[in-house]
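I opened the model and kept notes on what I looked up. The entries follow in the order I made them.

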Amino acid sequence: MKAQELKDKTPDQLKDQLLALKKEAFNLRFQQATGQLESTARMRAVRRDVARVKTILNQKAAEAAASN
């Protein structure tokens, strides 16, 4: 997931994306605990995507606060 793709989304879309990523991270942790996880690299990618979404959300909130 690219940061530019996220910047084009609305805050509501970003929140939905964040929720989906957190659910995926939970499922990946569950799979790892039960020994069913095949791709450990996906955990890192999801964690980084969560960070990207949170960063863009914070930037949009700051822009909104500055414009008011």
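I wrote it down as partly exposed because buried means under 20% relative accessible area, exposed means over 50%, and partly exposed lies in between (1.4 Å probe, protein chains only). Phenylalanine 30 has 53%, so I noted that residue as exposed.

How many aromatic pairs does a search of the whole structure find? I noted 1. Phenylalanine 26 and phenylalanine 30 form it, with 6.3 Å from centre to centre and 35° between the planes, and the pair is tilted. The rule I used: rings of Phe, Tyr and Trp (its six-membered ring) pair if their centres lie within 6.5 Å; planes under 30 degrees apart count as stacked, over 60 as edge-to-face, and the rest as tilted. Both phenylalanines lie in helix 2 (residues 11–34), 4 residues apart, which is about one turn of the helix. Helices (H or I, at least four residues) and strands (E, at least two) are DSSP runs, numbered from the N terminus.

Residues are numbered from 1 along each chain as its sequence is written, and side-chain values use heavy atoms, with hydrogens and water left out. Because the model is predicted, local features need pLDDT of at least 70 and side-chain atom pairs count only at pLDDT 80 or more, while totals for chains, interfaces and linings use all residues. I looked up pLDDT, the predictor's confidence in each residue, from 0 to 100. The protein chain averages 95, and 100% of the residues score at least 70. Confidence is lowest in helix 1 (residues 3–7), with a mean of 91, and highest in helix 2, with 97.

Which residues have the most contacts inside the largest nonpolar core? I noted Leu14, Val46 and Val53, in a core of 13 residues. Helix 2 and helix 3 (41–67) are the elements that give two or more residues to this core. Its largest share, 6 residues, comes from helix 3. Such a core is a set of buried Ala, Val, Leu, Ile, Met, Phe, Trp, Tyr and Cys residues joined through side-chain atoms within 4.5 Å. I then checked valine 46: leaving out residues up to four places away in sequence, it touches Leu21, Glu24, Ala25 and Leu28. Contact here means heavy atoms within 4.5 Å.

I counted 2 salt bridges in the structure. The term means a side-chain nitrogen of Lys or Arg within 4 Å of a carboxyl oxygen of Asp or Glu. Arginine 42 is partly exposed at 32%, and glutamate 24 is partly exposed at 26%.

Arginine 52 and aspartate 49 meet in a salt bridge of 2.7 Å, N to O. Both lie in helix 3, 3 residues apart, about one turn of the helix. Is aspartate 49 buried or exposed? I noted a relative accessible area of 7%, so aspartate 49 is buried. Arginine 52, at 33%, is partly exposed. Leaving out residues up to four places away in sequence, aspartate 49 touches Met1, Leu21 and Arg42.
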